[in-house]
Amino acid sequence: WFSEMVPGTPSPPASPLYPPVVASITAKSKAAKSRRLQRFNQRVHAAATVEEKLRLYGKLQRPKYMVYPQTFALNADRWYRSFTKTVLVPGMPPRAAPAKPPAAAGATPEIGRAPEPGAEAPGAAEAPGAADSPGAAKNPEPAAGAAPYLDVGELRSLACDALLQESFYQNKKRPFLYRDQDHTPGPFLTQLVSTLAASLSGRNPLLAASCLDLNPQVNYYWRHGTEVVVHGHRKGRVDPVRFQIDDNPHLQIRVPKQLPEVVPLESDLGDVPVIDHKPSKLPLFKKQYENKVFIGSKVADPCCYGHTQFHLLPDRLKRERFIRERLEDQIEVVYRSNGIASLFAWTAAQAMYQGFWSEADVTRPFVSQAVVTDGKYFAFFCYQLNTLALTEETIKNSPRKNICWGTDSKPLYDVVEDGNVKGFNDEVLLQLVRFLLNRPKEL
Amino acid sequence: YPLFQRGGPQLRIFRPNFFMLAVRPGVPQPEDTVQFRVSMEMTKLDIRNYLERIYNVPVAAVRTRIQYGANNKRNHRNQRVKKPDYKVAYVQLGQGQTFQFPNLFPEKEQDAETRSFDDFKDKFMEKEKQKQEGDPRRGGVPDWFGL
């Protein structure tokens, strides 16, 4: 009887007889550690709300490097690019604008947007297409005769008014020591941005629905790479390197809809610098405090995507100081490091607000813009976040890189004398206007 | 010497009594960073001026720290022996210059004569050692007993 098989019985039972053989959870072994990490990752994946995810993500506090976007460290932008896996592309992202004939006035009702292949407004005074140098002050193109969609003269007068009011008409006392930037360029920037945004909100409905923050906070916490703990009771263990950015941009515009992507998600536009040394050689210092992820408003706010940030450089990073110490090449480094670090923190925090994190990488790119200025010189940056996976395990599987487009700093004006602004540079103003008019295709 | 006031002629010359010692960094430093041991009384400004004026080295940034010398060792009288404190300066060079601490004791290339002499010496020492040891068949057991 033991040699005959009962026909018809299903040989493997529906559920296995024994539980699966997996590593222990509490043992002091690498397999147990990886099992604990996986359980933690599953906990974060299974979190119901974004707030819960953020709380679990930043629950464990350990000493981390504080990354300051506005830093005097030499060659900081190279180090910041290696921490955030960013490729720096000089110049602005290419706007594939077709050479739009000015005569086709009513043909295309779309209004121009900065990095998008949108056609400029028909008969716009603004030069359509990046090929034309917008140095020509007012292009005599409103051949259509329709109300020029973009009156550069009006915008220029707005900018000059703000500048003169702050620096010439208003009677201010001498600024306190090292408070020059809060005295004149700060209020000028606020006034300029708010008036330009208000006047351009008529043709950019996204601006009409946007939120302008004054001196907001932007924080982001992430892990990248590993190091061996050198000193202390945890000596010899391999630890991830943790970073935290705590940034206070001067102004920030948040919008309810996301800006469109500039290049596809998987594009490769350059190389990320690889630095073998520890981040403390930059110099960068460690501290242990709250792991905060914040874009400027809490998660429930409808304006949860970023549009533009405006940064004001402090007094200790003035141009004159660098020239006096014969460090002229570091001037641009300051602008670039500020742009890269602040925009990375903002876009990554926006992505975390949508539920993505290093184990759940972003499925669509997050785009934001920034303007870094010291009152006179303006530098423009556009950042596309393609990947959040920067930890040791996830960085191996993800070939994507974040991309940052940036310009050099150009002066907006030469000098302000006697109620006149001498040498006003229209290019800078037009680039600013293009930034503000940037909007997704559907609108 | 007449009393010096600002704007007046400089009649006295002060030569610094400092010296700076370039050392090999214990942990790897970035290419543009040079590590020095300097006198405890030197400041960052002093270090910068010293290098720029005397040696014409463009200095971009200087960071200093004081290394405490330990006081744990004891001498034959059980008194604590202090290792001296010293200040370490990390100098970042300007104008894109780099510095790599040189290897002060490179392996000297031996010519044929030295090499053959070394081989001869090694073989001689080996033969001497074999004469000292006893019979290998005894497995290291001394031979002052037995047959």
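## About the model

The structure is a predicted model, in which local features need pLDDT of at least 70 and side-chain atom pairs count only at pLDDT 80 or more, while totals for chains, interfaces and linings use all residues. Residues are numbered from 1 along each chain as its sequence is written, chains are lettered from A and ligands numbered from 1 in the order in which they are written, and side-chain values use heavy atoms, with hydrogens and water left out.

## Two domains in chain A

Let's start with chain A, whose domain assignment gives domain 1 (29–58) and domain 2 (76–92 + 152–437); such bounds come from an automatic or database domain assignment. The C-alpha centres of these two domains of chain A lie 30 Å apart. Nine residues from domain 1 of chain A and 14 residues from domain 2 of chain A take part in the contact, where contact means heavy atoms within 4.5 Å.

Between them, domain 1 and domain 2 of chain A bury about 1100 Å², 67% of it on carbon and sulfur atoms. Buried area here is the accessible area (1.4 Å probe) that two parts lose on being put together, summed over both. On the domain 1 side, Val50(A), Leu54(A) and Tyr57(A) lose the most area to domain 2 of chain A, together 54% of what that side buries.

## The nonpolar cores

A nonpolar core is a set of buried Ala, Val, Leu, Ile, Met, Phe, Trp, Tyr and Cys residues joined through side-chain atoms within 4.5 Å. Buried means under 20% relative accessible area, exposed over 50%, and partly exposed in between (1.4 Å probe, protein chains only). The largest core has 104 residues, of which Tyr220(A), Trp222(A), Phe310(A), Leu385(A) and Leu388(A) touch the most other members. Its largest share, 14 residues, comes from helix 9 (residues 329–353) of chain A. Domain 1 (29–58) and domain 2 (76–92 + 152–437) of chain A both give residues to this core, so it lies between them.

Apart from that core lies another, of 13 residues, including Met20(B), Leu51(B), Val59(B) and Val62(B).

## Strands and a sheet

Helices (H or I, at least four residues) and strands (E, at least two) are DSSP runs, numbered from the N terminus. Two strands pair if DSSP finds at least two bridges between them. In chain A, strand 1 (residues 64–67) runs antiparallel to strand 7 (residues 286–287), joined by two bridges, and Lys64(A) has Lys287(A) as its bridge partner.

In chain B, four strands form an open sheet in the order 1-2-6-3, with antiparallel pairing. Strand 1 (21–23) and strand 3 (59–67) of chain B stand at the edges, each with a single partner strand, so one side of each is left without a neighbour in the sheet. Eight bridges link strand 3 of chain B to strand 6 (residues 86–93) of chain B, where Ile66(B) has Lys87(B) as its bridge partner.

## Where the chains meet

Which parts of the two chains touch? Nine residues of chain A are in contact with eleven residues of chain B. Together, chain A and chain B bury about 830 Å², 53% of it on carbon and sulfur atoms. Leu74(A), His277(A) and Lys281(A) supply 59% of the area that chain A buries against chain B, more than any other three residues.
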